Amino acid sequence: MEAIQLRHTNDLHSHFEAWPRIRRFLLAEKTADTTFNFDIGDAIDRFHPLTDATLGKANVDLMNAAHYDAVTIGNNEGLGMAHADLNHLYDQANYPVILANLKELPGRNQPAWAEPYKILTTNNQTKVAIIGLTVPYQMTYRSLDWQPLPVEDVLDDLVPKLRKEADLVILLSHLGLPTDRDLAEKYDLDVIIGAHTHHVLPDGEMDHGTLLAAAGRYGDHAGQIDLVVDDQHHVVSKQARAIPLGELATEPGDLAEIQALHDRGAELEEEKKIVHFNQEQTVSDQGQACLAALKETTGLPVAFCSSGLFLQNLPEGTDTAEDFLESMPHAIHPMVTTLTGAELMALAAEFQERRTDLVDQKMKGSGFRGKVFGHLLIDGLDRDDGGQLQYAGRVVEPEKAYQIATLDHYRWIDFFQVLDEAPAKINQKIFLRELLAQYYQKHAQ
């Protein structure tokens, strides 16, 4: 008999306040014959100054010290980084990145920094095949010159092959719990370690013979899976547990370490001088600048955004990357959406109907780091004296096509039904704060 333990993390999102305890858990004394450490993606998040300043490389350094045996990526790594930056994120990693369903365009090649699968061998010579998959956002990945592959196409190819080459097949899945359950029904997988939907499975979940495990988000849990295999390397038993962070011991130096990580990031961000303001830029000022920046960069006469995106004023004097990060920590990008005149009229009606309720509507998710939607800000869309909708001063025609500059935030969260399925082009190469920084550098006095 052989005992194999899998320790795992997921969706840490640069929440370093959990990191000292999580690291100790990963490095704790081994109680099994073989122990492997895995991360299931979204380890980085550029809301934290250290991650933003180093483009995630500080996170890789921290993970190096935790002795991971393999990781996969989440959408924060894949979509929160420019193509070139992602290509160099793992240059100094001492662990392999496993990712089978993302290829590099134009040639649809396997990224040089990732392997589609890896076979690990335990101390007792059990062969454990590891597959990594991330959520395949088609439109957004392609805009960054990556080609995601359909999950089932990849598994149809890999699972039969790896079943012949390995004793166990384990999926590192940054796909979400509903997809994990579906895959457990369809494929011969021993374990699926999940992520993306931030779910916690306190004691795992057995679906069609596959053990599902997941450890929440932000380091609020750490995952442990215990497998027993017999002398022929067949699984005898498998159990999972998501351990609450509160059960992991603290040490006197933890708070100082956490603060030092933040301070180091803030110092690096403050070294990046963005623009000098002769007067403070209020939240309201930033909202108007956002509208102007969207119109200028897209060449469109109509734009909209919301005041809740801006969390604090930008101070008078020389502002740094840290100031812009504190006001706009979101992973939110510019977007151009195309609507028919009839759809634009419907959107304007939604604006009018929801304008008051949205001011205090609380929200979270999809990269938003604020608290409420705030005031709806619109430029270039008006009504004439007769109440007819005007686009840049001209009456809207129902069959004509119109384009509006805005942010992808309003597509991913269900604010306005008209935008949910409308054609859209998202500029994944720039965050909102970077857009505003460039605008202010050009126009600030």
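Visitor: In which sense do S10 and strand S11 pair?
Guide: This is a predicted model, where local features need pLDDT of at least 70, side-chain atom pairs count only at pLDDT 80 or more, and totals for chains, interfaces and linings use all residues. Residues are numbered from 1 along each chain as its sequence is written, and side-chain values use heavy atoms, with hydrogens and water left out. Strands (E, at least two residues) and helices (H or I, at least four) are DSSP runs, numbered from the N terminus; two strands pair if DSSP finds at least two bridges between them. S10 and S11 (residues 210-213) share 3 bridges, and the sense is antiparallel.

Visitor: Which residue in S11 stands opposite Asp207?
Guide: Asp207 belongs to the stretch 205-207, strand S10. Its opposite residue in S11 is Thr210.

Visitor: Which strands stand at the edges of the sheet?
Guide: The open sheet has 6 strands with mixed pairing, in the order S5-S6-S8-S9-S11-S10. Two of them have a single partner strand each, so one side of each lacks a neighbour in the sheet. They are S5 (117-121) and S10.

Visitor: What span should helix H9 have?
Guide: H9 covers residues 254-270, 17 residues in total. The expected span is 1.5 Å times one less than the number of residues.
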